[in-house]
Amino acid sequence: MLQIKNLYCVRNAGTALERAVLVNLNLTVNKGEMVIIIGGNGAGKSTFFQALTGKMELSSGSIFLDGHDLNQCSLQRRAADIACVLQDPKSGTVSELTVYENLVLASQRGIGFNLARYHCGKQKSDLFEYLCRANIGLERHYDRLVGELSGGQRQSLSVLMAFLQPAKLILLDEITAALDPKSSQRVIALANEMVRANNQSCLMITHDLRQALAYGDRIVVLKNGAFEKEFSGAERDTLTLEGLQDVFEA
Ligand SMILES: Nc1ncnc2c1ncn2[C@@H]1O[C@H](COP(=O)(O)OP(=O)(O)O)[C@@H](O)[C@H]1O
Ligand SMILES: [Mg+2]
(Lines give C-alpha, C1' and ligand atoms only; values in the text may rest on other atoms or scores of the structure.)
(Ligands and ions follow the chains in the order given, each with its own letter.)
Protein backbone atom coordinates (compact mmCIF):
# COMPACT_ATOMS: atom_id res chain seq x y z
CA MET A 1 0.00 0.00 0.00
CA LEU A 2 1.19 3.50 -0.88
CA GLN A 3 0.70 6.36 1.57
CA ILE A 4 1.62 9.93 0.70
CA LYS A 5 1.54 12.45 3.52
CA ASN A 6 1.75 16.24 3.26
CA LEU A 7 4.06 16.12 0.26
CA TYR A 8 5.60 19.38 -0.98
CA CYS A 9 8.13 19.87 -3.81
CA VAL A 10 9.79 23.13 -4.71
CA ARG A 11 11.76 23.64 -7.93
CA ASN A 12 14.80 25.93 -8.06
CA ALA A 13 14.75 26.39 -4.30
CA GLY A 14 16.68 29.42 -3.03
CA THR A 15 16.79 31.13 -6.44
CA ALA A 16 14.69 33.83 -8.09
CA LEU A 17 12.95 31.01 -10.03
CA GLU A 18 11.80 29.22 -6.86
CA ARG A 19 8.37 27.70 -7.35
CA ALA A 20 6.23 25.23 -5.43
CA VAL A 21 5.22 22.53 -7.93
CA LEU A 22 3.60 20.04 -5.54
CA VAL A 23 1.55 21.42 -2.70
CA ASN A 24 0.44 19.39 0.32
CA LEU A 25 -0.43 16.15 -1.48
CA ASN A 26 -2.10 13.42 0.56
CA LEU A 27 -3.11 10.12 -1.01
CA THR A 28 -3.42 6.44 -0.20
CA VAL A 29 -3.44 3.72 -2.85
CA ASN A 30 -4.39 0.23 -1.71
CA LYS A 31 -3.07 -3.01 -3.15
CA GLY A 32 -4.84 -4.03 -6.33
CA GLU A 33 -6.19 -0.52 -6.74
CA MET A 34 -5.78 1.75 -9.75
CA VAL A 35 -5.97 5.46 -9.01
CA ILE A 36 -6.08 7.80 -12.00
CA ILE A 37 -4.48 11.25 -11.94
CA ILE A 38 -5.85 13.78 -14.41
CA GLY A 39 -4.88 17.41 -14.87
CA GLY A 40 -3.85 19.94 -17.53
CA ASN A 41 -0.35 20.47 -18.92
CA GLY A 42 2.04 21.75 -16.28
CA ALA A 43 -0.24 20.71 -13.40
CA GLY A 44 2.64 18.74 -11.85
CA LYS A 45 1.65 15.19 -12.76
CA SER A 46 5.04 14.04 -14.00
CA THR A 47 6.80 15.85 -11.17
CA PHE A 48 4.59 13.91 -8.77
CA PHE A 49 5.86 10.64 -10.26
CA GLN A 50 9.44 11.92 -10.08
CA ALA A 51 8.92 12.58 -6.38
CA LEU A 52 7.79 8.98 -5.98
CA THR A 53 10.70 7.46 -7.92
CA GLY A 54 13.26 9.65 -6.16
CA LYS A 55 14.23 11.71 -9.23
CA MET A 56 12.77 14.78 -7.56
CA GLU A 57 13.71 15.60 -3.99
CA LEU A 58 10.87 16.23 -1.54
CA SER A 59 10.87 19.61 0.17
CA SER A 60 8.79 18.14 2.95
CA GLY A 61 6.34 15.37 3.66
CA SER A 62 6.75 11.62 3.37
CA ILE A 63 5.97 8.62 1.21
CA PHE A 64 5.45 5.15 2.64
CA LEU A 65 5.34 1.94 0.67
CA ASP A 66 4.07 -1.01 2.71
CA GLY A 67 4.96 1.00 5.81
CA HIS A 68 8.56 1.75 4.72
CA ASP A 69 9.57 5.40 4.42
CA LEU A 70 10.90 5.76 0.84
CA ASN A 71 13.21 8.57 1.89
CA GLN A 72 15.10 6.06 4.02
CA CYS A 73 15.42 3.57 1.12
CA SER A 74 18.32 3.40 -1.36
CA LEU A 75 17.59 4.20 -5.01
CA GLN A 76 18.25 0.54 -5.83
CA ARG A 77 15.59 -0.53 -3.36
CA ARG A 78 13.19 1.99 -4.88
CA ALA A 79 13.95 0.63 -8.34
CA ALA A 80 12.97 -2.83 -7.14
CA ASP A 81 9.78 -1.62 -5.46
CA ILE A 82 8.56 0.88 -8.06
CA ALA A 83 8.08 0.19 -11.77
CA CYS A 84 7.39 2.99 -14.19
CA VAL A 85 6.11 3.18 -17.78
CA LEU A 86 6.34 6.53 -19.55
CA GLN A 87 4.67 8.10 -22.57
CA ASP A 88 7.45 7.45 -25.08
CA PRO A 89 7.59 3.74 -26.03
CA LYS A 90 11.33 4.22 -26.62
CA SER A 91 12.05 5.30 -23.06
CA GLY A 92 11.34 1.93 -21.44
CA THR A 93 13.04 -0.32 -23.96
CA VAL A 94 16.44 -0.64 -25.68
CA SER A 95 16.26 -0.47 -29.52
CA GLU A 96 19.55 -2.26 -30.12
CA LEU A 97 18.56 -5.34 -28.10
CA THR A 98 16.04 -8.07 -28.92
CA VAL A 99 12.67 -8.49 -27.20
CA TYR A 100 14.17 -11.36 -25.24
CA GLU A 101 17.21 -9.32 -24.16
CA ASN A 102 14.99 -6.44 -23.05
CA LEU A 103 13.02 -8.86 -20.90
CA VAL A 104 16.26 -10.13 -19.39
CA LEU A 105 17.14 -6.57 -18.39
CA ALA A 106 13.68 -6.12 -16.89
CA SER A 107 14.05 -9.32 -14.90
CA GLN A 108 17.09 -7.79 -13.19
CA ARG A 109 15.50 -4.47 -12.26
CA GLY A 110 16.64 -3.46 -8.81
CA ILE A 111 19.23 -6.23 -8.49
CA GLY A 112 21.92 -5.01 -10.95
CA PHE A 113 22.21 -5.69 -14.67
CA ASN A 114 24.15 -8.47 -16.29
CA LEU A 115 23.06 -9.67 -19.74
CA ALA A 116 25.62 -12.42 -19.99
CA ARG A 117 24.47 -14.12 -16.80
CA TYR A 118 21.06 -14.80 -18.28
CA HIS A 119 21.97 -16.23 -21.67
CA CYS A 120 20.90 -19.73 -20.78
CA GLY A 121 18.06 -21.94 -21.99
CA LYS A 122 15.83 -22.05 -18.96
CA GLN A 123 15.60 -18.31 -18.48
CA LYS A 124 14.89 -17.89 -22.18
CA SER A 125 12.03 -20.37 -22.14
CA ASP A 126 10.56 -18.85 -18.94
CA LEU A 127 10.51 -15.40 -20.48
CA PHE A 128 9.04 -16.79 -23.69
CA GLU A 129 6.24 -18.35 -21.67
CA TYR A 130 5.63 -15.01 -19.96
CA LEU A 131 5.20 -13.38 -23.38
CA CYS A 132 2.86 -16.14 -24.54
CA ARG A 133 0.69 -15.79 -21.43
CA ALA A 134 0.23 -12.07 -22.16
CA ASN A 135 -1.32 -13.20 -25.46
CA ILE A 136 -0.58 -10.06 -27.45
CA GLY A 137 1.44 -11.65 -30.24
CA LEU A 138 4.85 -10.41 -29.07
CA GLU A 139 6.14 -13.96 -28.82
CA ARG A 140 6.40 -14.01 -32.62
CA HIS A 141 9.02 -11.25 -32.35
CA TYR A 142 11.00 -12.74 -29.51
CA ASP A 143 14.39 -12.62 -31.27
CA ARG A 144 13.78 -9.42 -33.19
CA LEU A 145 15.46 -6.13 -32.38
CA VAL A 146 13.08 -3.87 -30.47
CA GLY A 147 13.99 -0.98 -32.80
CA GLU A 148 12.10 -2.85 -35.55
CA LEU A 149 8.80 -3.03 -33.62
CA SER A 150 5.84 -0.66 -33.99
CA GLY A 151 5.12 1.89 -31.26
CA GLY A 152 2.21 -0.19 -29.98
CA GLN A 153 4.23 -3.41 -29.84
CA ARG A 154 7.06 -1.58 -28.15
CA GLN A 155 4.81 -0.03 -25.52
CA SER A 156 3.18 -3.43 -24.87
CA LEU A 157 6.68 -4.72 -24.23
CA SER A 158 7.39 -1.78 -21.86
CA VAL A 159 4.30 -2.73 -19.88
CA LEU A 160 5.27 -6.39 -19.74
CA MET A 161 8.78 -5.39 -18.65
CA ALA A 162 7.40 -3.20 -15.87
CA PHE A 163 5.29 -6.07 -14.55
CA LEU A 164 7.90 -8.81 -14.90
CA GLN A 165 9.35 -8.22 -11.44
CA PRO A 166 6.80 -7.97 -8.64
CA ALA A 167 7.09 -4.24 -7.88
CA LYS A 168 4.84 -2.95 -5.11
CA LEU A 169 3.95 0.22 -6.97
CA ILE A 170 3.29 0.71 -10.68
CA LEU A 171 3.43 4.22 -12.19
CA LEU A 172 1.95 4.75 -15.66
CA ASP A 173 2.50 8.21 -17.16
CA GLU A 174 0.36 8.73 -20.28
CA ILE A 175 1.44 5.35 -21.60
CA THR A 176 -0.99 5.38 -24.53
CA ALA A 177 -0.49 9.00 -25.62
CA ALA A 178 1.71 8.04 -28.59
CA LEU A 179 -0.42 5.12 -29.78
CA ASP A 180 -3.29 4.62 -32.21
CA PRO A 181 -6.69 3.81 -30.63
CA LYS A 182 -6.45 0.05 -31.14
CA SER A 183 -2.93 -0.31 -29.71
CA SER A 184 -3.92 2.09 -26.97
CA GLN A 185 -6.78 -0.12 -25.88
CA ARG A 186 -4.67 -3.24 -25.95
CA VAL A 187 -1.84 -1.69 -23.91
CA ILE A 188 -4.13 -0.23 -21.25
CA ALA A 189 -6.16 -3.42 -20.91
CA LEU A 190 -2.91 -5.34 -20.47
CA ALA A 191 -1.69 -2.97 -17.72
CA ASN A 192 -5.05 -3.10 -15.96
CA GLU A 193 -5.11 -6.89 -16.04
CA MET A 194 -1.60 -7.13 -14.59
CA VAL A 195 -2.30 -4.69 -11.73
CA ARG A 196 -5.35 -6.70 -10.68
CA ALA A 197 -3.70 -10.10 -11.12
CA ASN A 198 -0.58 -9.11 -9.15
CA ASN A 199 -2.50 -7.14 -6.51
CA GLN A 200 -0.24 -4.10 -6.95
CA SER A 201 -0.87 -0.44 -6.17
CA CYS A 202 -1.09 1.56 -9.38
CA LEU A 203 -1.15 5.26 -10.19
CA MET A 204 -1.94 6.18 -13.76
CA ILE A 205 -1.73 9.60 -15.39
CA THR A 206 -3.90 10.01 -18.48
CA HIS A 207 -5.42 12.74 -20.63
CA ASP A 208 -7.96 10.25 -21.91
CA LEU A 209 -11.03 10.80 -19.73
CA ARG A 210 -12.79 7.71 -21.15
CA GLN A 211 -9.81 5.65 -20.06
CA ALA A 212 -9.97 7.29 -16.62
CA LEU A 213 -13.64 6.37 -16.29
CA ALA A 214 -13.14 2.83 -17.57
CA TYR A 215 -10.21 1.87 -15.34
CA GLY A 216 -9.97 4.18 -12.33
CA ASP A 217 -11.17 2.87 -8.98
CA ARG A 218 -10.74 6.48 -7.93
CA ILE A 219 -10.02 9.57 -10.01
CA VAL A 220 -7.98 12.47 -8.64
CA VAL A 221 -7.74 15.88 -10.28
CA LEU A 222 -4.39 17.67 -9.95
CA LYS A 223 -4.37 21.42 -10.53
CA ASN A 224 -1.49 23.83 -9.89
CA GLY A 225 0.33 21.11 -7.97
CA ALA A 226 -2.53 20.37 -5.57
CA PHE A 227 -5.22 17.69 -5.50
CA GLU A 228 -8.29 19.71 -6.26
CA LYS A 229 -10.88 16.95 -6.32
CA GLU A 230 -11.15 13.22 -5.74
CA PHE A 231 -13.92 11.05 -7.09
CA SER A 232 -14.41 7.98 -4.93
CA GLY A 233 -17.20 5.84 -3.51
CA ALA A 234 -20.70 6.72 -4.68
CA GLU A 235 -19.48 9.87 -6.39
CA ARG A 236 -17.11 7.77 -8.51
CA ASP A 237 -19.78 5.17 -9.25
CA THR A 238 -22.19 7.76 -10.64
CA LEU A 239 -19.53 9.86 -12.43
CA THR A 240 -20.21 10.44 -16.14
CA LEU A 241 -17.88 11.48 -18.93
CA GLU A 242 -19.61 14.87 -19.06
CA GLY A 243 -19.19 15.32 -15.30
CA LEU A 244 -15.51 14.53 -15.55
CA GLN A 245 -15.07 16.84 -18.53
CA ASP A 246 -16.67 19.69 -16.59
CA VAL A 247 -14.19 19.32 -13.73
CA PHE A 248 -11.25 18.88 -16.08
CA GLU A 249 -12.04 21.96 -18.10
CA ALA A 250 -12.98 24.18 -15.13
N1 LIG B 1 13.13 20.04 -15.39
C2 LIG B 1 12.36 21.07 -15.00
N3 LIG B 1 12.92 22.22 -14.53
C4 LIG B 1 12.17 23.25 -14.12
N5 LIG B 1 10.82 23.25 -14.12
C6 LIG B 1 10.21 22.15 -14.58
C7 LIG B 1 10.93 20.99 -15.05
N8 LIG B 1 10.05 20.03 -15.43
C9 LIG B 1 8.83 20.55 -15.22
N10 LIG B 1 8.92 21.82 -14.70
C11 LIG B 1 7.81 22.69 -14.33
O12 LIG B 1 7.10 22.07 -13.26
C13 LIG B 1 5.70 22.21 -13.45
C14 LIG B 1 5.04 20.86 -13.52
O15 LIG B 1 5.50 20.17 -14.66
P16 LIG B 1 5.12 18.65 -14.98
O17 LIG B 1 5.19 17.89 -13.72
O18 LIG B 1 5.95 18.19 -16.12
O19 LIG B 1 3.58 18.81 -15.44
P20 LIG B 1 2.59 17.79 -16.15
O21 LIG B 1 3.24 16.44 -16.20
O22 LIG B 1 1.35 17.82 -15.33
O23 LIG B 1 2.33 18.34 -17.52
C24 LIG B 1 5.53 23.02 -14.74
O25 LIG B 1 5.33 24.38 -14.39
C26 LIG B 1 6.82 22.83 -15.46
O27 LIG B 1 7.10 23.94 -16.26
MG1 LIG C 1 3.73 15.14 -17.81
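Me: How many residues does α6 have, and what does α6 reach from its first C-alpha to its last?

Reply: A helix here is a DSSP run of H or I with at least four residues, a strand a run of E with at least two, each numbered from the N terminus. The expected span is 1.5 Å times one less than the number of residues. α6 has 18 residues and reaches 26 Å, close to the 26 Å expected. This is a predicted model, where local features need pLDDT of at least 70, side-chain atom pairs count only at pLDDT 80 or more, and totals for chains, interfaces and linings use all residues. Residues are numbered from 1 along each chain as its sequence is written, while chains are lettered from A and ligands numbered from 1 in the order in which they are written.

Me: Which residues of α6 are buried?

Reply: Buried means 20 or more other C-beta atoms within 10 Å of a residue's own, exposed 12 or fewer, and partly exposed in between, with C-beta atoms placed from the backbone. In α6 the buried ones are Ser183, Val187, Ile188, Ala191 and Val195. They share one side of α6, because their arc around the axis (taken from the directions from the axis to the C-beta atoms) is only 125°. Pro181, Lys182 and Ala197 are exposed on the other side.

Me: What follows α6?

Reply: Asn199 does, with a positive phi near 55°.
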